[in-house]
Amino acid sequence: QLKCLMRVVTLHGIPKDLDNYPEDMLLFLSPADYAATGSCRQYFARIRKANLDVLQRDSPQRKQLLSEALACLNISSPRVSRENAEILGRLVCDLGGEYIRSSGGILLKQLSQCDSFLPDQEEAIRSVISSGNTTFGSPAAWSAFTLNELGGLILALDHSILQRIPK
């Protein structure tokens with residue numbers, strides 16, 4: 001339905017008021033098309049809160065979206081800056097484990113909003129969290145508040161981390 005709606009909206013060209021449309025609908029517009037009303041950076045900042053689940057995780061369209069985001073933000077190495085992590089928003093859920101490891105704790109805030117993780121992502125999250133060099137600190141110092149802040153990251157924790165959390 002969103003794809004169809006985007007076709008209708010753009011039937012006579014790209015409207016100048018795209019920022020008035022829902023973020024989820026903008027997922028069906030390419031960053032190059034959005035360039036008529038703003039930059040690719042603005043496009044990705046705009047869709048960062050979109051529900052990416054309207055696109056299947058392994059779909060070519062979702063992979064292309066991540067690829068275009070990395071190119072737009074000039075992310076050529078697996079290290080992502082805090083600013084770029086904010087712009088990527090939920091697209092960080094599709095980044096591989098090498099990005100998570102290389103970026104340290106920077107991606108954890110956005111990753112906490114993910115619904116699920118691939119095995120290499122889980123391993124990378126555990127590695128970063130186990131280091132204790134994150135805003136969460138060492139698992140041995142976590143509280144109920146910290147566990148709440150971890151959000152979806154709890155799905156990636158294993159027994160070795162869980163046993164270090166104080167009762």
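The following is a dialogue about a predicted model of one chain.

Colleague: What makes residues of H4 buried, and which are they?

Modeller: A residue is buried when its relative accessible area is under 20%. In H4, that holds for Tyr43, Phe44, Arg46 and Ile47. Seen down the axis of H4, these buried residues fall within an arc of 155°, so they line one face of the helix.

Colleague: How many aromatic pairs does the structure hold?

Modeller: The structure holds one aromatic pair. It is formed by tyrosine 43 and phenylalanine 44, with ring centres 4.9 Å apart and planes at 80°.

Colleague: How do you know that the span of H5 is close to the expected one?

Modeller: The expected span is 1.5 Å times one less than the number of residues. Helix H5, residues 60–72, has 13 residues, which gives an expected 18 Å. From its first C-alpha to its last, H5 reaches 18 Å, close to that expected value.

Colleague: Which residues of H5 are buried, and what puts them on the same side?

Modeller: Arg62, Leu65, Leu66, Ala69, Leu70 and Cys72 are buried in H5. They cover an arc of only 165° around the axis, which puts them on the same side of H5. The face turned away from that buried side carries Pro60, Lys63 and Ala71, which are exposed.

Colleague: What makes a space a cavity and not a pocket?

Modeller: In a cavity a 1.4 Å probe fits but cannot get out, whereas a pocket is open. A search of the whole structure finds one cavity of 30 Å³ or more. About 30 Å³ of space lies in the largest cavity.

Colleague: Which residues line the largest cavity?

Modeller: Its lining is made of Phe44, Ile47, Arg48, Leu52, Ile87, Leu88, Gly89, Arg90 and Leu91. Helices H4 and H6 are the elements that give two or more residues to this lining. By class, the lining has six nonpolar, one polar and two charged residues.

Colleague: Which residues line the largest pocket, and how much space lies in it?

Modeller: About 160 Å³ of space lies in the largest pocket. The residues lining the largest pocket are Arg82, Glu86, Gly105, Ile106, Leu108, Lys109, Gln110, Thr135, Phe136 and Glu149. The lining divides into three nonpolar, three polar and four charged residues.

Colleague: Why is glutamate 149 called partly exposed?

Modeller: Exposed means over 50% relative accessible area and buried means under 20%, with partly exposed in between. Glutamate 149 has 41%, so it is partly exposed. Glutamate 149 has its place in helix H10, residues 144–150. Its C-alpha atom is separated by 8.4 Å from that of phenylalanine 136, which is 13 residues apart from it along the chain.

Conventions. Residues are numbered from 1 along each chain as its sequence is written. This is a predicted model: local features need pLDDT of at least 70, side-chain atom pairs count only at pLDDT 80 or more; totals for chains, interfaces and linings use all residues. Side-chain values use heavy atoms; hydrogens and water are left out. On a 1 Å grid over the protein atoms alone, a cavity is a set of points where a 1.4 Å probe fits but cannot get out, and a pocket is an open set with protein on both sides within 12 Å along at least five of seven lines; lining residues have an atom within 4 Å of a point. Grid points are joined across faces, edges and corners, and a volume is the space filled by probe spheres set on the points. Ala, Val, Leu, Ile, Met, Phe, Trp, Tyr, Cys and Pro count as nonpolar, Asp, Glu, Lys and Arg as charged, and the others, Gly among them, as polar. Rings of Phe, Tyr and Trp (its six-membered ring) pair if their centres lie within 6.5 Å; planes under 30 degrees apart count as stacked, over 60 as edge-to-face and the rest as tilted. Helices (H or I, at least four residues) and strands (E, at least two) are DSSP runs, numbered from the N terminus. Buried means under 20% relative accessible area, exposed over 50%, partly exposed in between (1.4 Å probe, protein chains only). The arc is that of the directions from the helix axis to the C-beta atoms.
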